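This briefing is meant to be read alongside the sequence and the structure.

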2 protein chains.
Amino acid sequence: MNDSVAIVTTEYAHFETELRLESGRRLGPLTIAYECYGQLNADRSNAILVAQAWTGDAHAAGRHHEDDRKPGWWDNMIGPGKVLDTDRYFIISSNVIGSCKGSTGPTSTNPTTGRPYRLNFPVVMVRDMVRAQKLLIERLGIDKLLSVVGGSMGAMQALEWGILYPEQVRSIVPIAGTGRTSPMAISLNALARQAIYNDPLYKKGNYRPEHPPADGFALARAVGHISFLSDASMDLKFSRRFSRMDGMFDFFGKFEVERYLDYNGNSFVDRFDANSFLYLAKALDLYDVAWRFDSLEEALSNLVCPSLWFAFSSDWLYPPSQPEEVVEELQRQKKPVAYHLIESDYGHDSFLVEPEKFIPLLKEFLDGL
Amino acid sequence: MNDSVAIVTTEYAHFETELRLESGRRLGPLTIAYECYGQLNADRSNAILVAQAWTGDAHAAGRHHEDDRKPGWWDNMIGPGKVLDTDRYFIISSNVIGSCKGSTGPTSTNPTTGRPYRLNFPVVMVRDMVRAQKLLIERLGIDKLLSVVGGSMGAMQALEWGILYPEQVRSIVPIAGTGRTSPMAISLNALARQAIYNDPLYKKGNYRPEHPPADGFALARAVGHISFLSDASMDLKFSRRFSRMDGMFDFFGKFEVERYLDYNGNSFVDRFDANSFLYLAKALDLYDVAWRFDSLEEALSNLVCPSLWFAFSSDWLYPPSQPEEVVEELQRQKKPVAYHLIESDYGHDSFLVEPEKFIPLLKEFLDGL
């Protein structure tokens with residue numbers, strides 16, 4: 001484990017301020033869960049913010065306990081000698097607001113009622129998440145981030161950082177991202193939503209934590225899971241194999257891929273909150289970098305730092321044509337931008353599964369800053 | 001309406017025989033619902049079988065009543081002067097077994113109990129559907145079909161006809177088909193299944209027809225619906241428009257595309273049976289032309305007639321690479337085969353939405369027989 005950040009701890013920053021949200025509502029006080037890896041240098045110029053995807057958390061690298069079965073979600077990227085080199089950079093990973101992984105979200109206590117927010121939590125946009133992250137970065141004494149790097153919803157956060165705080169970022173790296181969520185992606189989230197709403201245990205969001213809408217939530221997760229994969233990756237992993245436990249002609253018999261989706265969905269229920277899942281889905285659906293601007297052109301005109309974009313050939317959730325639309329507009333505006341279409345069979349999840357395919361390009365980019 | 005077959009009637013053929021199914025179970029007696037358009041010629045050589053997709057029925061053309069709002073599902077293809085020209089051809093359209101549209105299926109009466117089959121209905125494969133169709137074709141006094149034409153599940157039936165009954169078909173036209181269902185397509189059906197199973201009203205298939213598992217079934221239909229569309233067609237139709245009835249920051253607020261999926265799903269519940277939907281989904285999932293053969297090569301070696309294949313560029317349910325695998329094997333075997341990749345933005349549904357894009361090619365093929 002000499003390339004690991006080893007044992008890490010999630011920390012919690014509290015802010016008494018109220019954040020004015022895009023919706024017009026206010027949210028506060030705020031807690032932001034975060035982890036840091038590496039050392040901030042003397043002139044505070046080596047900080048890189050790693051931004052999470054939908055159901056991620058602050059725990060991006062290392063282990064909380066020596067016997068943890070798995071390390072953080074981007075451990076193959078973060079550590080001594082790795083691309084996000086903790087010998088050189090100070091890596092910050094924070095949990096977004098709206099999540100259930102330590103930052104203020106629907107499971108947090110609503111200060112006006114003393115009870116969990118649940119559906120009284122305000123709808124948040126990715127832009128709101130980034131404003132909350134800004135509070136954390138300031139608290140850590142950092143004026144300018146060397147980079148903001150993230151995949152999927154993390155890519156949206158990276159782009160928002162570049163647009164909102166052009167003076168506070170020296171670069172952004174949106175990976176498997178999009179400039180705005182397409183109706184196809186929205187539709188898939190709509191299926192997930194409806195799966196949860198249909199569960200009688202959902203009770204319009206007022207389920208007790210010990211009695212979550214497990215069946216609906218597991219199905220919702222399966223919808224998401226499918227959208228993160230690809231035909232090719234499923235074919236590789238499951239092909240058309242039928243479950244050895246079932247008869248092929250049993251009405252309730254299942255293919256291996258079905259059992260996998262079931263298993264994955266059901267285990268997810270134990271580690272995530274359904275309302276949080278829905279709030280974050282909503283943030284994804286509402287995402288449009290041109291929000292509150294007159295156009296994509298105007299929004300992107302605010303970006304001044306270099307940006308490095310990666311898209312994956314088999315990603316059908318945010319297909320390459322979507323980030324390409326943003327990249328082409330940046331090129332038109334003569335902004336410093338680099339784009340790489342990575343051949344990978346692992347769909348949207350490629351940024352987690354095959355980072356080795358873009359790590360050399362990312363390393364070169366970071367070295368050049 | 002001079003290009004319409006005008007007023008038509010669904011007819012019902014009854015067979016006292018039992019069909020031996022691929023599962024080993026037997027099904028009978030059988031009823032097959034069907035419609036015919038045009039006249040069978042003297043030497044009975046002008047019959048074309050039109051094969052339905054998943055939730056289709058025998059009513060492919062014309063109207064049952066003058067005031068029917070919509071004609072049959074492929075009315076733009078079938079009629080005097082149309083590509084499936086009822087002045088020249090005798091068109092037969094039959095409902096598959098397992099469906100709820102008149103042919104024997106889970107809503108039919110189980111002769112051994114006197115009550116509806118429901119989940120006592122046997123699992124059927126596409127091959128079984130075709131064997132049942134063969135009974136109908138014989139009953140109509142036809143020894144050899146001029147062609148079998150169908151889209152999606154209809155394409156599977158067309159291919160099965162060519163493999164199973166090489167002496168009984170002069171050509172086949174599989175449109176938007178596949179040689180075997182991929183794990184991605186299976187996964188999407190798995191979501192639909194689970195959506196229905198999760199509905200407390202499903203009661204393991206023993207719901208009363210007047211109390212169907214409406215919420216789960218509507219969601220299942222929405223899953224299917226999405227898989228029939230494409231990012232481009234959704235973008236064209238809905239873009240990212242938010243419902244004018246909802247606040248964008250309302251937790252339960254919806255995008256237009258969501259409202260459409262809801263509406264479509266809910267209206268479907270009134271016109272289809274959930275168990276039938278599940279049996280047909282199963283038939284789709286089990287589909288593999290190589291079933292009971294040693295290989296795809298061996299299966300296809302049985303095909304002797306010319307085949308004409310169409311795939312659609314934006315079809316992600318059965319993407320062009322899938323029929324291409326079959327076509328390439330047929331080419332390797334020097335079989336008479338033609339393949340056209342049609343540029344269309346309408347996804348899997350292109351075969352219903354933009355038939356004008358392949359009609360001239362189909363006409364030329366049929367004229368050449």
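**Briefing on the predicted model**

The largest cavity has a volume of about 60 Å³. The model is a predicted one. Between chain A and chain B, about 4900 Å² is buried, and the rule finds 34 salt bridges over all chains.

**Largest cavity**

- In total, the rule counts four cavities of 30 Å³ or more.
- The lining of the largest cavity is made up of A:Trp54, A:Thr181, A:Ala185, A:Leu188, A:Asn189, A:Ser227, A:Phe228, A:Leu284, A:Asp285, A:Leu317 and A:Tyr318.
- Three helices of chain A, namely H3, H4 and H7, each provide at least two residues of this lining.
- H3(A) has the largest share of the lining, with three residues.
- Sorted by class, the lining of the largest cavity has seven nonpolar, three polar and one charged residues.

**Second largest cavity**

- The second largest cavity holds about 50 Å³ of space.
- Residues from chain A and chain B line the second largest cavity: A:Ala195, A:Asn198, A:Asp199, A:Gly216 and A:Leu219, together with B:Ala195, B:Asn198, B:Gly216 and B:Leu219.
- H4 of chain A and helix H4 (214–228) of chain B each contribute at least two residues to the lining of the second largest cavity.
- The lining of the second largest cavity comprises four nonpolar residues, four polar residues and one charged residue.

**Interface of chain A and chain B**

- In chain A, 59 residues are in contact with chain B, where the partners number 59 residues.
- Of the roughly stated total, about 4900 Å² buried between the two chains, 72% is on carbon and sulfur atoms.
- A:Arg240, A:Phe249 and A:Phe251 together supply 17% of the area that chain A buries against chain B, which is more than any other three residues supply.
- Between chain A and chain B, 20 residue pairs are in polar contact, with both residues at pLDDT 80 or more.
- On the side of chain A that touches chain B, at least two residues come from each of helix H3 (183–197), helix H4 (214–228), helix H5 (231–237), helix H6 (256–269) and helix H7 (274–286).
- H3(A) gives the most to this side of chain A, with eleven residues.
- By class, the side of chain A that touches chain B consists of 34 nonpolar, eleven polar and 14 charged residues.

**Salt bridges**

- Two salt bridges are found across the interface of chain A and chain B.
- A:Arg193 forms a salt bridge with B:Glu258, and the closest N and O atoms of this pair are 3.0 Å apart.
- Within chain A, A:Asp3 and A:Lys82 form a salt bridge whose closest N and O atoms are 4.0 Å apart.
- This pair ties together parts that are 79 residues apart in sequence, because A:Asp3 lies in the segment before strand S1 (11–15) of chain A and A:Lys82 lies in the loop between strand S6 (78–79) and strand S7 (84–85) of chain A.

**Backbone geometry**

- In chain A, the peptide bond from A:Gly28 to A:Pro29 is cis, with omega near -10°.
- A:Pro29 is located in the loop between strand S3 (26–27) and strand S4 (30–37) of chain A.
- In chain B, the peptide bond from B:Gly28 to B:Pro29 is cis, with omega near -5°.
- B:Pro29 is located in the loop between strand S3 (26–27) and strand S4 (30–37) of chain B.
- B:Arg44 is not a glycine, yet it has a positive phi of about 55°.
- B:Arg44 falls in the loop between S4 and strand S5 (47–51) of chain B.

Note on methods. Residues are numbered from 1 along each chain as its sequence is written. Chains are lettered from A and ligands numbered from 1 in the order in which they are written. This is a predicted model: local features need pLDDT of at least 70, side-chain atom pairs count only at pLDDT 80 or more; totals for chains, interfaces and linings use all residues. Side-chain values use heavy atoms; hydrogens and water are left out. Contact means heavy atoms within 4.5 Å. Buried area is the accessible area (1.4 Å probe) that two parts lose on being put together, summed over both. A salt bridge is a side-chain nitrogen of Lys or Arg within 4 Å of a carboxyl oxygen of Asp or Glu. A polar contact is a pair of N or O atoms within 3.5 Å; within protein, one must be able to donate a hydrogen and the other to accept it, and residues adjacent in sequence count only if both atoms are side-chain atoms. Helices (H or I, at least four residues) and strands (E, at least two) are DSSP runs, numbered from the N terminus. Ala, Val, Leu, Ile, Met, Phe, Trp, Tyr, Cys and Pro count as nonpolar, Asp, Glu, Lys and Arg as charged, and the others, Gly among them, as polar. On a 1 Å grid over the protein atoms alone, a cavity is a set of points where a 1.4 Å probe fits but cannot get out, and a pocket is an open set with protein on both sides within 12 Å along at least five of seven lines; lining residues have an atom within 4 Å of a point. Grid points are joined across faces, edges and corners, and a volume is the space filled by probe spheres set on the points.
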